Amino acid sequence: MASSRGPITRPRPSWGWQDDAACRGQSLTLFFGYEGERAEARDARERMAKAICAECPVRRECVEFALSRPEKYGIWSLTEDERASVRRRRMRRAAMAGVSAAPSNEVVKEEEKHCSSCRTTWPVANFARDISKRDGLQTWCRRCTNAARARKAEQAVAS
Ligand code: SF4
Ligand SMILES: [Zn+2]
């Protein structure tokens with residue numbers, strides 16, 4: 001029987017896996033790069049980041065999360081180009097099977113927020129509370145906040 005064409009509902013992502021991420025506390029610029037980064041620097045950075053990902057116990061969850069949405073930036077076990085190619089492959093396969101595999105923007109939109117540091121859209125559960133902010137949440141996601149704290153702690157030890 002043909003499938004119905006109603007809105008696609010996707011499972012809500014589970015965020016527990018982030019607690020075990022090998023990149024926790026690592027510098028975010030290692031995973032997300034920076035404006036004006038040169039190709040050689042980017043390649044070296046991506047190799048370093050992927051070496052961390054290779055040892056990560058939640059690699060699969062991380063990749064599937066990044067593939068399940070239009071996530072353009074950063075290393076999520078795969079580079080931006082690698083993700084694009086996996087998406088294309090999946091979409092080709094899905095087109096052959098007659099279903100849609102396009103990354104969806106529909107993932108519980110009203111409960112998401114954009115991190116102003118890593119430029120990633122996360123569920124609001126990924127932002128700590130900050131009553132001084134208009135929406136009551138910090139502008140940086142927990143991952144960026146933790147990375148900044150770890151950097152600060154390192155600097156404090158070094159000085
Ligand atoms: S696989 Fe994902 S969660 Fe694990 S270290 Fe790499 S970017 Fe972080
Ligand atoms: Zn962030």
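## Charges over rings

The charged end of Lys113 sits over the ring of Phe127, at 5.5 Å from the ring centre, and the charged end of Arg119 sits over the ring of Tyr73, at 4.1 Å from the centre. A charge is said to sit over a ring here if NZ of Lys or CZ of Arg is within 6 Å of the ring centre and within 35 degrees of the ring normal.

## Basis and confidence of the model

This is a predicted model, in which local features need pLDDT of at least 70 and side-chain atom pairs count only at pLDDT 80 or more, while totals for chains, interfaces and linings use all residues. Residues are numbered from 1 along each chain as its sequence is written, chains are lettered from A and ligands numbered from 1 in the order in which they are written, and side-chain values use heavy atoms, with hydrogens and water left out.

The protein chain has an average pLDDT (the predictor's confidence in each residue, from 0 to 100) of 81, and 84% of the residues score at least 70. Over residues 1-11 pLDDT stays under 50, and the model has 4 contacts for them beyond four places in sequence, a contact being heavy atoms within 4.5 Å. Over residues 106-110 pLDDT also stays under 50, with 5 contacts beyond four places in sequence. Where pLDDT is low, the predicted coordinates should not be read in detail.

Cys115, in the loop between β1 (112-114) and β2, and Cys141, in the loop between β2 and α5 (142-158), are 26 residues apart and link distant parts of the chain. Both Cys115 and Cys141 are buried, where buried means under 20% relative accessible area, exposed over 50% and partly exposed in between (1.4 Å probe, protein chains only).

## Aromatic pairs

Rings of Phe, Tyr and Trp (its six-membered ring) pair if their centres lie within 6.5 Å, and planes under 30 degrees apart count as stacked, over 60 as edge-to-face and the rest as tilted. By this rule there are 5 aromatic pairs. The rings of Trp17 and Phe65 have centres 6.0 Å apart and planes at 50°, so this pair is tilted. Trp17 lies in the segment before α1 (28-32) and Phe65 in helix α3 (residues 59-67), 48 residues apart; Trp17 is buried at 11% relative accessibility, and Phe65 is buried at 5%.

Trp76 and Trp122 form a tilted pair, 5.3 Å centre to centre with 50° between the planes. Because Trp76 lies in the loop between α3 and α4 (80-97) and Trp122 in strand β2 (residues 121-123), the pair ties together parts that are 46 residues apart in sequence. Ring pairs link Trp17, Phe32, Phe65, Trp76 and Trp122 into a cluster.

Note on methods:
Helix = DSSP H or I, 4+ residues; strand = E, 2+ residues; numbered from the N terminus.
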